[in-house]
Amino acid sequence: MWPYPRILAHRGGGTLAPENTFAGLRCGMEYGFRAIEFDVMLARDGVPVVMHDPALGRTVRGSGSVFEHDAADLARMDAGSWFGAGYVGEPVPLFGEFAAWCKEHGVWMNIEIKPAPGYELETGAVVAREAAMLFADEIAAGEVQRLPLLSSFSDVALAAARSNAPTLPRACLISALDGDWERRARALEAVAIHTNHLHLTPVLAQAVKAQGFGLFCYTVNDPARAAELLSWGVDAFCTDRIDLIGPECV
Ligand code: G3P
Ligand code: MG
């Protein structure tokens, strides 16, 4: 049984606000979402920040890489103006502050561990430790449905997350399911498979479910496609089109 919300706003507010920012999160909430996916990587000083690209330039004004800047510097950079004049100065969130705010406001989190190349182990360890500290009470109380779900394309990051916070659930991000997905998921003691819906088939969906894993799809922006995926047994998905797909049902 999937104990988590079924429809998540991708990167906070989908494509209706600057991704991976508090503005995005607020936008998702305005559309009724209380569950989001977002991306986390480490700054130069090892502090996790909410960002998707290791390179600055696309969403964060500046140049170079995330690992050439400390978190405090990134937090002063502009992650909003690329999206629109109304978002100038919107900062890069620190993961700790962002996650605490979500928890406080009852927003469930799928935390995608998105390591910059070469920082897989450290990123998985740090993000998992911080998340476990934030949710220490829920872990102790066994409130599984409130715990964040840690996902990653990096098996190294997920293995580090397991070592550092074994009680936090993990999900393997695998773009297209191949013959190895089950071995990887079992090796990491993952509870779910997160996959690109474009490569999913009913047979694959059934196989994942038959082996007892949760099944999550990214990034589903068409209501008819969402309904189809759910009919295949998909448990949950994230969407960029929070204006077309509501948080409760399709
Ligand atoms: O976590 C699902 C999805 O966000 C993975 O792709 O590139 O949007 O982080 P990306
Ligand atoms: Mg992501």
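This is a predicted model: local features need pLDDT of at least 70, side-chain atom pairs count only at pLDDT 80 or more; totals for chains, interfaces and linings use all residues.
**Entry 1: the metal site**

I started with the magnesium ion (ligand 2) and looked up its donors. Glu37 (OE), Asp39 (OD) and Glu112 (OE) coordinate the magnesium ion, at 2.0 to 2.2 Å. I then read their spacing along the chain, which is E-x1-D-x72-E. Asp39 belongs to strand 2 (residues 35-42) and Glu112 to strand 4 (residues 108-113), so this pair ties together parts that lie 73 residues apart in sequence. I checked the accessibility of both. Asp39 is buried at a relative accessible area of 0%, and Glu112 is also buried, at 5%.

**Entry 2: strand 7**

Next I asked how many residues of strand 7 (residues 192-196) are buried. The count is 5 of the 5, so the strand is largely enclosed by the rest of the structure. I sorted the side chains by face. In a regular strand they alternate between the two faces of the sheet. Ala192, His194 and Asn196 lie on one side of strand 7, Ile193 and Thr195 on the other, and both faces are covered.

I followed the pairing of strand 7 to its partners. Strand 6 (residues 170-174) pairs with strand 7 in the parallel sense, over 4 bridges. Ile174 has Thr195 of strand 7 as its bridge partner.

Helix 7 (residues 181-187) sits between strand 6 and strand 7 in a right-handed β-α-β unit. Strand 7, helix 8 (residues 202-210) and strand 8 form a right-handed β-α-β unit as well.

**Entry 3: Leu168**

I wanted to know where Leu168 is found. It is in the loop between helix 6 (155-164) and strand 6. Is Leu168 buried or exposed? Its relative accessible area is 1%, under the 20% cut-off, so Leu168 counts as buried. Leaving out residues up to four places away in sequence, I listed its contacts as Ala128, Ala131, Ala132, Ile139, Leu147, Pro148 and Leu150.

**Entry 4: salt bridges**

I counted 17 salt bridges and went through some of them.

- Asp73 bridges to Arg76, with the closest N and O atoms 2.8 Å apart. Asp73 is partly exposed at 27% relative accessibility, and Arg76 is exposed at 64%.
- Arg146 and Glu138 meet through their side chains at 3.5 Å, N to O. Arg146 is partly exposed, with a relative accessible area of 38%, whereas Glu138 is buried at 5%.
- Glu228 bridges to Arg225, with the closest N and O atoms 2.7 Å apart. Both are in helix 9 (residues 223-231), and being 3 residues apart they are separated by about one helical turn. Glu228 is partly exposed at 36%, while Arg225 is buried at 17%.

Last, I noted a network: Arg11, Glu19, Asp53 and Arg58 are joined by salt bridges that share partners.

Notes. Residues are numbered from 1 along each chain as its sequence is written. Chains are lettered from A and ligands numbered from 1 in the order in which they are written. Side-chain values use heavy atoms; hydrogens and water are left out. Donors are N, O and S atoms within 2.8 Å of the metal (3.2 Å for Na, K and Ca); water is not among the atoms, so sites may look incomplete. Helices (H or I, at least four residues) and strands (E, at least two) are DSSP runs, numbered from the N terminus. Buried means under 20% relative accessible area, exposed over 50%, partly exposed in between (1.4 Å probe, protein chains only). Two strands pair if DSSP finds at least two bridges between them. A crossover is right-handed if, with the strands pointing away from the viewer, the path from the first strand over the helix to the second runs clockwise. Contact means heavy atoms within 4.5 Å. A salt bridge is a side-chain nitrogen of Lys or Arg within 4 Å of a carboxyl oxygen of Asp or Glu.
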